[in-house]
Amino acid sequence: MSFRVVRSSKFRHVYGQALKREQCYDNIRVSKSSWDSTFCAVNPKFLAIIVESAGGGAFIVLPHNKVGRIAADHPLVGGHKGPVLDIAWCPHNDNVIASGSEDCVVKVWQIPDGGLSRTLTEPVVDLVFHQRRVGLVLWHPSALNVLLTAGSDNQVRERFACKNSFLIRFILFKVVIWNVGTGEILVHIDSHPDIVYSACFNWDGSKLVTTCKDKKIRIYDPRTAELESEAMCHEGSKATRAIFLRHGLIFTTGFNRSSERQYSLRAPDALNEPIVMVELDTSNGVMFPLYDADTNLIYLCGKGDSVIRYFEVTPEPPFVHYINTFQTTEPQRGIGLMPKRGCDVTTCEVAKFYRMNNNGLCQVISMTVPRKSDLFQEDLYPDTLAEDAAITAEEWIDGKDADPITFSLKDRVSIVQGGYVSSSASKSLSVNKKANILNKPRGGGGAASSSVSGGNHASANNNEGSDCGPPAAVLSEKDLRNIQDEIRKLKAIIVKQENRIRALEAKANAGNGNETDARNKNGSSSSASATTAAAASDSHASESTNDHASTSAVSAQNEE
């Protein structure tokens with residue numbers, strides 16, 4: 001007699017449920033670019049989606065409470081001159097987002113807390129270095145304001161061979177790590193012979209794994225740009241993806257020679273020998289691995305697929321365990337995963353997806369673990385990533401490593417409409433510009449124009465003067481909006497008072513005219529009355545004279 005033992009796992013019954021249409025986001029024109037990107041980025045405050053835009057590139061930013069049908073004229077973030085290819089929210093500031101575009105520029109934006117009230121065209125900082133399109137942006141997990149960008153531009157190097165004395169040309173593609181706080185380039189990695197498909201830091205940010213079009217996977221020291229190891233990733237010619245897991249292993253997705261999709265699990269010190277290599281299906285869509293470090297769950301979402309497969313990684317063979325598949329009817333064009341800070345712990349929600357369909361609907365999918373108790377489930381929610389940075393960019397580049405700061409959702413989370421509300425005040429990204437001594441001050445001693453090596457800055461609320469003048473006041477976006485509201489109210493009051501003054505003047509003019517007419521009318525009436533009175537007095541006098549004469553005549557007659 002044989003017994004089949006079912007693997008024990010608390011995530012074995014994870015199931016997905018799509019929210020109702022009125023709780024989703026509709027009428028979104030998702031980008032039609034052929035670039036292999038998720039086209040979506042989510043954090044506990046906002047949802048950002050790359051959209052189609054005429055005359056340049058743009059993406060839309062929506063607060064989570066703005067559900068339903070989105071207006072066609074909704075404000076966008078539209079400062080790029082070419083289509084936007086990739087976007088990424090800063091893990092240490094929920095209001096800061098970076099975007100890469102075909103216009104060769106990386107822009108960092110500051111989004112106000114309430115969302116956009118008008119189209120945003122002025123970024124906090126422009127990172128200008130790439131000479132061709134920038135298709136990958138990635139933030140450091142624990143260091144503040146450290147951003148990685150990868151472009152399609154190449155650099156030609158020439159080298160002479162010793163034995164045969166002939167010239168060899170190397171075409172190398174650029175990967176750049178920036179300090180966004182100063183706009184400076186920290187590290188320049190130029191050892192990729194072709195386009196970089198993906199990049200990922202490990203848990204503390206001390207290693208970097210990349211996949212390239214040459215079918216190889218590489219591990220770098222991100223501070224020194226030193227190549228530590230490389231190996232063949234997947235034999236297929238289509239795009240591959242690689243991510244670092246929390247405990248140091250590497251998970252990859254790609255294609256084999258028969259164009260069958262497959263995934264693998266590897267150790268960093270033995271990239272040539274995969275621990276697991278499994279074929280999935282024959283679809284041609286690129287698979288994006290979305291990783292939950294708290295639960296060790298990996299969600300595979302293919303571009304053009306109508307399913308989401310999820311697996312659990314454990315130390316026991318076969319190491320990658322299939323759990324279940326979420327099935328829908330519409331193929332997905334892009335997808336985003338909410339950080340654990342934005343999940344609803346009261347319903348045992350372990351993941352929340354935002355998937356874009358071709359019909360303009362952004363569908364919200366909630367992954368939950370069925371539990372009977374309404375209490376906080378500590379086994380489902382271990383300490384998760386906080387929004388605070390562990391170290392600064394300067395400390396990281398100097399050689400310091402630190403794990404990301406974690407916190408318990410039980411202590412610091414509050415649920416408002418199924419989401420996360422940060423207890424800390426809203427933070428703003430500050431860019432410290434360094435003055436260039438070659439620039440001349442404008443206007444005879446005013447603020448000098450600032451220039452930073454490797455970066456061209458344009459900030460509305462972070463301008464700093466030169467050393468010869470006092471620093472300008474820094475106003476937050478909220479203060480600017482309050483000032484604009486006050487100005488708008490004052491203008492309305494002034495217009496109202498002007499209208500009231502005009503109405504009173506018209507009324508006063510009309511009253512003066514009526515009094516003049518009445519006075520003229522009264523004057524003519526008085527003249528007529530006086531004339532009548534005079535005539536009456538004359539007639540009375542004549543009558544009196546006649547009576548006196550007749551009386552005198554009668555008296556004289558009597559005397560006679």
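A search of the whole structure finds 10 aromatic pairs; rings of Phe, Tyr and Trp (its six-membered ring) pair if their centres lie within 6.5 Å, and planes under 30 degrees apart count as stacked, over 60 as edge-to-face and the rest as tilted. This is a predicted model, in which local features need pLDDT of at least 70 and side-chain atom pairs count only at pLDDT 80 or more, while totals for chains, interfaces and linings use all residues. Residues are numbered from 1 along each chain as its sequence is written, and side-chain values use heavy atoms, with hydrogens and water left out.

**Aromatic pairs**

- Tyrosine 299 and phenylalanine 353 form an edge-to-face pair, 4.9 Å centre to centre with 70° between the planes.
- Because tyrosine 299 lies in strand E25 (residues 297-302) and phenylalanine 353 in strand E29 (residues 349-357), this pair ties together parts that are 54 residues apart in sequence. Strands (E, at least two residues) and helices (H or I, at least four) are DSSP runs, numbered from the N terminus.
- Both tyrosine 299 and phenylalanine 353 are buried, where buried means under 20% relative accessible area, exposed over 50% and partly exposed in between (1.4 Å probe, protein chains only).
- Phenylalanine 311 and tyrosine 322 also form an edge-to-face pair, at 5.7 Å centre to centre and 65° between the planes.
- Phenylalanine 311 sits in strand E26 (residues 307-313) and tyrosine 322 in strand E27, 11 residues apart.
- Phenylalanine 311 is buried, with a relative accessible area of 2%, whereas tyrosine 322 is partly exposed at 48%.
- Phe311 and Tyr322 belong to a cluster that ring pairs form with Phe251 and Tyr263.

**Nonpolar cores**

- The largest nonpolar core has 25 residues, and Val209, Ile217, Leu245, Ile250 and Phe251 touch the most other members. Such a core is a set of buried Ala, Val, Leu, Ile, Met, Phe, Trp, Tyr and Cys residues joined through side-chain atoms within 4.5 Å.
- Elements giving two or more residues to this core include strand E18 (216-221), strand E21 (250-255) and E26.
- E20 provides the largest share of this core, three residues.
- A second, separate core of 24 residues includes Leu290, Ile323, Ile335 and Leu380.

**Asparagine 324**

- Asparagine 324 is found in strand E27 (residues 320-327) and is partly exposed, with a relative accessible area of 31%.
- Leaving aside neighbours within four places in sequence, asparagine 324 is in contact with Val14, Ile308, Arg309 and Tyr310; contact means heavy atoms within 4.5 Å.
- Asparagine 324 and tyrosine 15 are 309 residues apart in sequence and 7.7 Å apart in space, C-alpha to C-alpha.
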